[in-house]
Amino acid sequence: ETSWAAQTFSFTSMSVVIISTITFILSTMPQLATDLDLILFDNTTGGEALPVERWQKGIIALKIVDELTMWFFTFEYLTRLACSPNKLKFVKGPLNIVDLLAILPYFLSFAVEELKDTMVIGRAGKVLRLIRVMRILRVLKLVRHFSGLQSLLFTMQQGYQELGLLMVLLWVIVI
């Protein structure tokens, strides 16, 4: 049993996660991709790329929605951290680590925002690409709202050594 306010906030948080995921998916479309994404994720193989008509208003709208959702996630995380009686236990919690990993790429992108010319930054362009791809971790925030996903996370946490061994064996087989 939880209060009406807690249920409302939980529903709002889940809705923001879904909106953020939809925004992320839409931003992968060439018509709605930012200039930086087009540079970083250029998939042309020597041939001429087909010109794509860009929808500037849509790009701006997606950027605004993305900013608002990230500030909501940040506010939610910091509020839960401030209200937590044991800060260290809070930071070590698996669901809180997932939440931190979901908002971290947003703030890391500020650190490398000045390096927009990927031809100049070389390897840093690959780091920036990784940071941009890590935005998909926002989907993992849904784990907090679904008990089945929480059970899966708990099971993986209990069997991480066996899963690690399985991954090593699969890696050896592939090589």
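I began with a definition: the expected span of a helix is 1.5 Å times one less than its number of residues. Helices here are DSSP runs of H or I with at least four residues, strands are E runs of at least two, and both are numbered from the N terminus.

**Ground rules.** I noted that this is a predicted model, where local features need pLDDT of at least 70, side-chain atom pairs count only at pLDDT 80 or more, and totals for chains, interfaces and linings use all residues. Residues are numbered from 1 along each chain as its sequence is written, and side-chain values use heavy atoms, without hydrogens and water.

**Confidence.** I looked up pLDDT, the predictor's confidence in each residue from 0 to 100. The protein chain averages 76, and 65% of the residues score at least 70. Helix α6 (residues 118-121) has the lowest mean, 49. Helix α4 (residues 87-92) has the highest, 92.

**Layout.** I found nine helices and zero strands in the protein chain.

**Helix α3.** Residues 56-83 form this helix of 28 residues. I read 41 Å from its first C-alpha to its last, close to the 40 Å expected. Which residues of α3 are buried? Among them are Gly 58, Ile 59, Leu 62, Asp 66 and Tyr 77. Buried means under 20% relative accessible area, exposed over 50%, and partly exposed in between (1.4 Å probe, protein chains only). Of the 175 residues of the protein chain, 27% count as buried.

**Contacts.** I took contact as heavy atoms within 4.5 Å. Among contacts in the protein chain between residues at least 6 apart in sequence, 70% join residues at least 24 apart.
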